[in-house]
Amino acid sequence: HPKEFDLALHIAKFPEAIEDMLSQLAPSRITDFLYELSEKFNTFYVDCKVLGSDQEDSRLLLVEATALTMRQCFSLLGIKPVYKL
């Protein structure tokens, strides 16, 4: 599905966002990346059934990769993530 590919491609660009942040001394590069990641994940989740789909395993891995990347972004920004609301 195109939304899966779009999300996975964005996650793959995380090292580039870190390099940009460090070379430009601009933490906003990570916040921009995180905002886009959130948008792409939301679009993916709305358009792609995860649980019970034929692609459940790969989609669950993509969900976990998104969560891990978000946690790393929060850590770089000095933000403690909230796991339950």
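Student: How many residues apart are Phe41 and Tyr45 in helix H3?

Tutor: They're four residues apart, so about one helical turn separates them. Keep in mind that this is a predicted model.

Student: And what are the rings of Phe41 and Tyr45 doing, stacked or edge-to-face?

Tutor: For that you look at the angle between the planes: under 30 degrees counts as stacked. Here the planes are at 25 degrees and the centres 5.8 Å apart, so Phe41 and Tyr45 are stacked. They also belong to one aromatic cluster together with Phe44.

Student: Is Tyr45 buried or exposed?

Tutor: Tyr45 is exposed, at 51% relative accessible area, while Phe41 is partly exposed at 21%.

Student: How many aromatic pairs does the whole structure have?

Tutor: A search turns up three. One of them is Phe14 with Phe33, a tilted pair with 5.3 Å from centre to centre and 35 degrees between the planes. Phe14 sits in helix H2 and Phe33 in helix H3, so this pair ties together parts 19 residues apart in sequence. Both Phe14 and Phe33 are buried.

Student: Now the helices. What describes two packed helices?

Tutor: You give the angle between their axes and the distance between those axes. Take H1 (residues 2-12) and H4 (residues 56-77): the angle is about 35 degrees, and the axes are 10 Å apart. The crossing of H1 past H4 is left-handed.

Student: Which residues of H1 make the contact?

Tutor: Glu4, Leu7, Ala8 and Ile11 do, and they meet H4 residues including Arg59, Leu62 and Thr69. By type, the residues of this H1 and H4 contact are five nonpolar, three polar and two charged.

Methods
Residues numbered from 1 in each chain as written. Predicted model: local features only at pLDDT ≥ 70, side-chain atom pairs only at ≥ 80, totals over all residues. Heavy atoms only, no water. Phe/Tyr/Trp six-rings, centres within 6.5 Å; stacked < 30°, edge-to-face > 60°. Helix = DSSP H or I, 4+ residues; strand = E, 2+ residues; numbered from the N terminus. Buried < 20%, exposed > 50% of the residue type's maximum accessible area, 1.4 Å probe, protein only. Axes fitted to C-alpha atoms, helices over the stretch in contact; angles between N-to-C directions. Left-handed = near helix turned anticlockwise from the far one by under 90°. Contact = heavy atoms within 4.5 Å. Nonpolar A, V, L, I, M, F, W, Y, C, P; charged D, E, K, R; others polar.
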